[in-house]
Amino acid sequence: MITASENTNGIASETTPTTTISTTASTVDANDVNGTSQTTTTGNANEAMKEITMKQLYEQSTQYKYWRFTQSALDDMRNKLNDEVIASIKEGDNVPEDFEFVNVAEELALMGYYERRIVQIFKHWKLPSYVSATAIAYMKRFFLENTMVDYHPKDVMLTCMFLARKTENYLLAIEDFSSVLKSPAQPILNLEFLVCKSLRFHFTVHHPYRPCLGFFYDMQAVADSIEKLQKVYEKALTLIDTSLHTDLGFLYQPSQIALAALKMACKEESYDFEKYANYKFKSNESTSQKYNETLFPILKAIEKALTEDPRCHEGDKLALKDIDQRLKKCTELANSPSNLSKRKRIEPNGDDDDDDDDDERLDKRAKTDNDNSE
Amino acid sequence: MASLRNHAEQHNNQVYKDYKKDRKVGEGAYAVVYLGTQLSTKKVVAIKKIKIGQFKDGLDMSAIREVKTLQELRHPNVVELMEVYFHKTNLNLVLEFLESDLEMIIKDKSIVFMPGDVKHWMLMTLRGLDHCHRNWILHRDMKPNNLLLGKNGQLKIADFGLARDFGDRNRPSTTQVVTRWYRAPELLFGAKDYGYGIDIWAIGCIFAELLLRNPYLPGDSDMQQLDTIFKALGTPTEADWPGVSSLVHYVQFRHYPKTPLRLLFTAAGADTLELLESMLIYDPNRRISAREALLHPYFFNKPRPTPLENLPKHVRETPEAAKLKRKADTLGA
């Protein structure tokens, strides 16, 4: 299903969040630690102690390994799902002549509406921004594999919110969750399995908030005015909030988005970003060249998305309502008897099942073994 | 709704079909562990089955914590989570299988530990833990039976059911973590903003246990645990541990003097005791980190860590031997 896109994101090591926040972990010389392993005399131990850099550490994350795409790969996946579902609905004989199916752009607009609901509700519950960001990421990942015709984004939203509260350590009992949101509990729980499977059980999502804080600390080293910098930082945080509604989280690394947001915020607050860039990335000719060739274009691209992507803004209510009605019609058509009978069905877990209860089955087997031996 | 379009479901089924459970090897409060086989590779695995059905809030927090952290951690000294799949209403974690654990070895009094053995076990434990901490993950349940040992002698940290991320301020954490004997004093005093130090304290206790072959600080209750700690290491004052008296559950204890470690650990070298002592420093901010511990002279001085293949192994009783023993017992009775 998911293939990591080839190296769309170049630079990372200098900008990974932990580099700037943690001093203890990153200042230890790699060779020193390697030295430790040499005393163990065995090859295995040596291998075990190979020092890994902060960049490699991020590259081990499931986000980097499995949830990184190029824009065209994302478009392809979404178009393919959309085509598939439309084709299967058309197999039924009850599709109105001039029916207008929901296209990918419309689906994304509708998802944008529910993304903003997540932010609203979590804000009301006074949860930190990263909890919203995680729930939104779950929903976005879910719809790379599943279609809105089968699973309405509102239902998915609720389950993603419930799950994100748990994975981010803000568990709320299901009865409280469902009563506050006035939505029955069982459907929320029922979807949890499928959401987890669609996420491939990758629950950790890295967001730009933490690296942004790291950069904020780091920028203080060359700041003329901490008050002004504080304003820049706050502005950058709102830009990161906006970025959650785009595809940037699939395309770039959190630290890159954070830095681009700070760069933009500097512009808006007329604060000198170049001074920091010179200090951090352009200390000599070779780093300077690397910055200009790799990081700078990435920052530019992120900036462009944050200014031009229509999903940065709330959609038109009437248009969204229309999309939602057509989506519901699609679901209805897809589930009509004439359509269902023509669609091949794959039952979950098949029917070859012999371990309904593993314990019982194994106990039985153990008993037979014993019987034989007595 | 099952349909042709359900890619996630299909993937899950593929994974499910690749594993077979062979026999039950353990049962915990919320999970059953099986020995199993990956059919495509014939590899022996451990399958931890978590019954979701019994949890009213859906997927339970321990399962989430374990899956969330292990998915991100790949290290020779951390147990590998190979796959995760749902079957019926159960969540199954496929983990690499390891024969025994450090607790079994410690309890097996037929085995004599050499200083190099202890050194290598400590080295592997600290490497695994350092990797967790660098990923901002606290284990929160370090104890000998969560340190698994493979056939080749390799040690791996397991059981991440209590693990969580740390490093963000304003995120209070529960103090009801870590098995009591290995619980750091700041947890016992109710500190909610603890960090890597709680895992290091636990490793200090394990280190001591490896040297003594007995639990170092076995308390019967939380209060008694503190008393046991203070009896062994002296009652801390504000000077040793700034801020201790303002912790939520702080109570004044009777004053025990500090006894030098060498009185108890008579056979241990000076570098050993120095490292042990730095893991058991009261002030969590001054307690040694995993990274610093790895750079401690103890690991560079002689004796060298015993090569993996020469480390003591716990020989598991074969079913045949057990049967004979049972028979002998019955005859005896």
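**View 1. A:C160 and the residues around it.** A:C160 touches A:A135, A:Y138, A:M139, A:F142 and A:V195, leaving aside residues up to four places away in sequence. Touching here means contact: C-beta atoms, placed from the backbone, within 7 Å of each other. This is a predicted model, in which local features need pLDDT of at least 70 and side-chain atom pairs count only at pLDDT 80 or more, while totals for chains, interfaces and linings use all residues. Residues are numbered from 1 along each chain as its sequence is written, with chains lettered from A and ligands numbered from 1 in the order in which they are written.

**View 2. The largest nonpolar core.** A:C160 turns up again here: along with A:M139 and A:A261, A:C160 touches the most other members of this 170-residue core. Helix 6 (residues 197–212) of chain B supplies the largest share, eleven residues. A nonpolar core is a set of buried Ala, Val, Leu, Ile, Met, Phe, Trp, Tyr and Cys residues joined through C-beta atoms within 7 Å. Buried means 20 or more other C-beta atoms within 10 Å of a residue's own, exposed means 12 or fewer, and partly exposed is in between, with C-beta atoms placed from the backbone.

**View 3. Helix 8 against helix 10 in chain A.** Helix 8 (residues 104–124) of chain A packs on helix 10 (residues 153–167) of chain A at about 35°, with the axes 10 Å apart. Axes are lines fitted to C-alpha atoms, for helices over the stretch in contact, and angles run from 0 to 180 degrees between N-to-C directions. From helix 8 of chain A come A:L110, A:M111, A:Y114, A:R117 and A:I118, and they meet A:P153, A:K154, A:M157 and A:M161 of helix 10 of chain A. By class, that contact has seven nonpolar, no polar and two charged residues. Ala, Val, Leu, Ile, Met, Phe, Trp, Tyr, Cys and Pro count as nonpolar, Asp, Glu, Lys and Arg as charged, and the others, Gly among them, as polar.

**View 4. A:K275 in helix 17.** A:K275 sits in helix 17 (residues 273–281) of chain A. A:K275 counts as partly exposed because it has 14 C-beta neighbours inside 10 Å. As for the rest of chain A, its secondary structure comes to 21 helices and zero strands. Helices (H or I, at least four residues) and strands (E, at least two) are DSSP runs, numbered from the N terminus.

Notes. Contact = placed C-beta atoms within 7 Å.
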